[in-house]
Amino acid sequence: MTFAYHYNWSVLWSQPYITWWMHGIRLTLEIGFFAWIIALSGIFIGTLRSSSSGWLHFLPTAYTEIFRNVPFLVQLFMWYFAFPMIFPDTIRIYINHIIGFNYYIAIIALGLYTASRIAEHMRAGLASIETMEYEAALSTGMTRYQMYRHVIIPHALIIIIPTLTTEFLTIFKNSSVAMTIGVAETTFTSYRIASTTFHGLEATTGAMTIYLLLSLTIVKISGIIESKVRIPGMAGR
Amino acid sequence: MITITDVCKWYGKPEVLKNINVTIERNQTVVICGPSGSGKSTLLRCINGIEKYQKGEIIVNGISLNDPKTDLYKLRRNIGMVFQHFALYPHMTALQNICIAPIKVLNWSKHKAEKEAMVFLEQVGMGSNAQAHPAELSGGQQQRVAIGRALIMKPQIVLFDEPTSALDPEAIKGILDIMISLAKSGMTIVCVTHEMGFAKEVADNIIFIDKGEIIEQGAYEEFFINTKTDRAKDFLKQIL
């Protein structure tokens, strides 16, 4: 009696699996994109942390340190399981009835988490700009706001494009954690197919390929963006 | 135009500036010289409030920098500044470097700013470099752009912080020529430099600073020919 494994790659394209995959990919893309929009607030948070003192320094600092130092999985559980508990019963029941609550929570949690990481990239970008560039902007009569808005932030963004690309890739990969709260994204789909068909190898390979293709596409696009905004005459960028 | 009274500055124990007293009249060109680390750049940077001082008072155009109500940002529109290492915005073209301040600070139209900037760039022989980024320009060309960035705001005073120290001899002459014609056009100029040829040609007053103190000041003849202090004599021997 042999226990040979019989490959069945059709779990990648036959019905109903192809519909599941499509749904999974759509959710992965949506969660990644919408979370990214929230995450971009990190540009503002990092700038505020770098440029202010007192409360305006403390608040973004506290935000950054809390969100980037707690594992994303724990944060997700925090928002999904613990957060609704702080509300009185009537509101909590209402929250529990929101259709796609887990989907929204995944977007918000992932967005807030990634924002803290982008804030740190932004801080590094700002720190790499020479003091005299700040002084030059001030010497032309710009206010500090104008200096950051029109000179310093655009420069810092060009500097941190490669690390922002990494974050953009990571946000799609991290969206897979949303399966733990029942969001039927790509990883969830592969798991579901594996447990229905017992073809885990094929299903996992499918998920892997999807993430890889998605990431490589992003790498390609960001390469184009990078070459578009490259500062002429600067070496090695 | 600029009155500096008893200005003192210290970072820690050693004083960077000690009881500085200087008066600069409208249309004057004043040269500040002295050995490195003497505090001359610091003094210059105090004039537009980029550097703070602990004691004394600086009054520019009748406005005291000490007054907490003074809008430093607004005051700086009238005070251009040119840096030793140019300090251009590396991600912008030469034209953008010059135009950004008038567009954002003075609300000029892009068209007006670019037209004025082009007039300046043509004047200094850089019309064809308007779209170049700083890293594509030579030091002398970058400094021309930096001067344009300061002048387009139509300041009443221009501060030069060792504008030629990072340049090769040929470029130095080009920049000095621009500065000389600026001085002769009646601009009030305060310039930290070791270019004594420049001082000789246009300076109304030369201030010699050492260890944060003004050792000597006077017009060209007074400073170079009838030098009073030994310290200044030593210094002049070194650089001439």
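Predicted model: local features only at pLDDT ≥ 70, side-chain atom pairs only at ≥ 80, totals over all residues.

Q: Okay, where are α4 and α6 of chain A, and at what angle do they cross?
A: Helix α4 covers residues 72-82 of chain A and α6 covers residues 101-127. Helices (H or I, at least four residues) and strands (E, at least two) are DSSP runs, numbered from the N terminus. The two axes come within 9 Å and cross at roughly 135°; axes are lines fitted to C-alpha atoms, for helices over the stretch in contact, with angles from 0 to 180 degrees between N-to-C directions. α4(A) and α6(A) are therefore oblique to each other (under 35 degrees is roughly parallel, over 145 roughly antiparallel, 65 to 115 roughly perpendicular, the rest oblique).

Q: Which residues make that contact?
A: From α4(A) you get Phe72(A), Gln75(A), Leu76(A), Trp79(A) and Tyr80(A). On the α6(A) side, they include Phe101(A), Asn102(A), Ile105(A) and Tyr113(A). Contact here means heavy atoms within 4.5 Å. Sorted by class, the contact of α4(A) with α6(A) has eleven nonpolar residues, two polar and no charged (Ala, Val, Leu, Ile, Met, Phe, Trp, Tyr, Cys and Pro are nonpolar, Asp, Glu, Lys and Arg charged, the others, Gly among them, polar).

Q: And how do α9(A) and α10(A) cross?
A: Helix α9 (186-197) and helix α10 (200-229) of chain A have axes that come within 8 Å and cross at roughly 165°. That makes α9(A) roughly antiparallel to α10(A), and α9(A) passes α10(A) in a right-handed crossing. Among the residues in contact are Ser190(A) and Ile193(A) of α9(A) and Ala207(A) and Tyr211(A) of α10(A).

Q: What about α2(A) and α8(A), at what angle do they pack?
A: Helix α2 (41-51) of chain A packs with α8(A) at about 120°, the axes being 12 Å apart. α2(A) and α8(A) are therefore oblique to each other. Ile43(A), Thr47(A) and Ser51(A) in α2(A) meet Arg144(A), Tyr148(A), Ile153(A) and Leu157(A) in α8(A). The classes in the contact of α2(A) with α8(A) are four nonpolar, two polar and one charged.

Q: New topic: which residues touch the most other members in the largest nonpolar core?
A: Those are Ile2(B), Ile4(B), Val60(B) and Phe160(B), in a core of 140 residues. α6(A) gives the most to this core, with 14 residues. A nonpolar core is a set of buried Ala, Val, Leu, Ile, Met, Phe, Trp, Tyr and Cys residues joined through side-chain atoms within 4.5 Å, with buried meaning under 20% relative accessible area (over 50% is exposed, in between partly exposed; 1.4 Å probe, protein chains only).

Q: What does Phe160(B) touch?
A: Not counting residues up to four places away in sequence, Phe160(B) touches residues including Leu44(B), Val82(B), Ile147(B) and Val192(B).

Q: Where are Asp6(B) and Phe86(B), and what is their phi?
A: Asp6(B) is in strand β1 (2-10) of chain B and has a positive phi of about 50° although it is not a glycine. At 36% relative accessibility, Asp6(B) counts as partly exposed. Phe86(B), also not a glycine, has a positive phi of about 70°. Phe86(B) sits in the loop between β6 (79-82) and α3 (94-105) of chain B, and at 10% relative accessibility it counts as buried.

Q: Last one: which residues does a cis peptide bond join?
A: Gln15(A) and Pro16(A), with omega about 0°. Pro16(A) lies in the segment before α1 (17-39) of chain A.

Note on methods: Residues numbered from 1 in each chain as written. Chains lettered and ligands numbered in written order. Heavy atoms only, no water. Left-handed = near helix turned anticlockwise from the far one by under 90°.
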